[in-house]
Amino acid sequence: MKHLVRIASIALLLSFAAGSAAFGAGFALYDFSARGNALGGALVGRADDPSALALNPAGITQIPGSAFLTSAAFLLPYGKISPLGGAGTDQNDRTFILPAMYYTRQMNDSLWFGVAVMPRFGLGTDFPEDWFGRYNSYRAMIESVSVNPNIAWKVNESLSLSLGAEALWLEADLGKKIDPTRGAAPNPATDIDFRLKGDDIAFGWNVGLHYRMDEATRIGLHYRSRVKLALSGTATAKGFMGSDSTGGSVDLTLPEMFMFGVSRQFTPKLNVEAGAIYTGWDSYESLIINFDKPLLGILPTRSFTPKNWGSVWRYQIGFEYKHSPEWTWRLGYTYDQEPMPLSTLDYQVPTGDRQLLSIGFGYSKDNWALDFAYTYLIAGDRHFEERSSEGIRNSRSHDMGADIFVISFSMRL
């Protein structure tokens, strides 16, 4: 079963040409649909289209018959890290593509089935291989695909509950340089290039609740469990001493999440939702890499890096205005806390707290709809204190942000 799910996940990943990016707390992703992005992610309480499978599957009991939604997010990050008193280094230009697909079906008057295929975690930081922070990281890429089937039960006209299982495939590709002179005379020409690439598939679960207080007010709650991965793959080292490779493994626990939302229909045309997401990043205490043998006969067989991330909140509010039967306008705002403490801050995820300003629209006709969203992401500056043993210099990240475009197509079947 595990082998079959791995093959299916990889096939979906390749067929979608998925990328990775780091635009949520830590390396969580929230770009599940155009409508959701345009509303700043505030779709937990309303949860009335197929992308509710990502934010609150209990809400799919509001969708009669069968429905399908497919989405693609295009993320264009930018930013710079500068040493104190020196010239800064820009991130390499990259465009990341994050696809997602959702399908829901009403089984009878009280049961619904839905399945989501989506990326929930991703990381993409990419710098020139000779930049000043290369001894900490010049490449950190994480890609993931979650296959998440759910059953939703309509208990009565007010209350719905859901239960889901998740198969999550994740691949990490990490790269940094190693200085064989131990800081005596660092030189890109004599650096050892270290790369580690590994993947695993693991399983989690999720539960949801959707409650209609009255005709105008809806409440949503959604919990996603931790997912414990044991990544295995290959580590390579190349330099003036030659090249070598060996097996490597990393244990990684992805965080649990609590999602909350309250939706209010203030007028027949205007809906407002406010909510929050709590992400338990305290699960990321350290990064421990074990190797089958010493690379090049000199590198250690175990690498330990403390992380000590903290749990954080993501606050979101969205406004949706039904201008006409065909056209809908949307606005959203999100404030997203960063979990990394100053003591372990590194160049793999060099951003601070994020603010996201979103705008979008939807056009619907008959049984189909097309939605678009644009998000302007602003990340706060971070200051790095010297940790020479980890390749961190006195420096700061600044002018960090991203342009995010999302387009979705949905259809009632």
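Me: What is the volume of the largest cavity in this predicted model?
Reply: The largest cavity has a volume of about 240 Å³. Of the 23 residues that line the largest cavity, Ile 142, Ala 172, Leu 174, Tyr 284 and Leu 287 are the closest to its centre.

Me: What makes a space a cavity, and how many cavities does the whole structure hold?
Reply: A space is called a cavity because a 1.4 Å probe fits there but cannot get out. The search of the whole structure finds five cavities of 30 Å³ or more.

Me: Which strand gives the most to the lining of the largest cavity?
Reply: Strand S11 gives the most, with four residues. S7, S8 and S10 also give two or more residues each to that lining.

Me: How do you know which classes of residue are in the lining of the largest cavity?
Reply: The lining is counted by class, and has 14 nonpolar, six polar and three charged residues. Leu 174 and Tyr 284 are among the lining residues; Leu and Tyr count as nonpolar, so these two belong to the nonpolar class.

Me: Which classes make up the lining of the largest pocket?
Reply: The lining of the largest pocket divides into 17 nonpolar, 10 polar and 12 charged residues. Lys counts as charged, so Lys 176 and Lys 177 belong to the charged class.

Me: What lines the second largest pocket?
Reply: The second largest pocket has a volume of about 660 Å³. Of its 33 lining residues, Arg 35, Asp 48, Asp 49, Ala 369 and Arg 412 are the closest to the centre. By class, the lining has 11 nonpolar, eight polar and 14 charged residues. S18 gives the most to this lining, with four residues.

Me: Why is Ile 407 called partly exposed?
Reply: Ile 407 has 39% relative accessibility. Buried means under 20% and exposed means over 50%, so a value in between is partly exposed. Ile 407 is found in strand S21.

Me: What makes Ile 407 part of a nonpolar patch?
Reply: Ile 407 forms the patch on the surface with Phe 74, Leu 76, Leu 370, Phe 405 and Phe 409. A patch residue needs over 30% relative accessible area, so Ile 407, at 39%, passes that cut-off. Together the patch residues have about 440 Å² of accessible area. The largest share of the patch, three residues, comes from S21.

Methods:
Residues numbered from 1 in each chain as written. Predicted model: local features only at pLDDT ≥ 70, side-chain atom pairs only at ≥ 80, totals over all residues. Heavy atoms only, no water. Patch = residues over 30% accessible without salt bridge, like charges linked within 9 Å, V, L, I, M, F, W, Y side chains within 5 Å. Areas by Shrake-Rupley, 256 points an atom, 1.4 Å probe, with all protein chains shown as cover. Salt bridge = Lys/Arg side-chain N within 4 Å of Asp/Glu carboxyl O. Buried < 20%, exposed > 50% of the residue type's maximum accessible area, 1.4 Å probe, protein only. 1 Å grid on protein atoms, 1.4 Å probe; cavity = no way out; pocket = protein on both sides within 12 Å on 5 of 7 lines; lining within 4 Å. Points joined across faces, edges and corners; volume = space filled by probe spheres on them.
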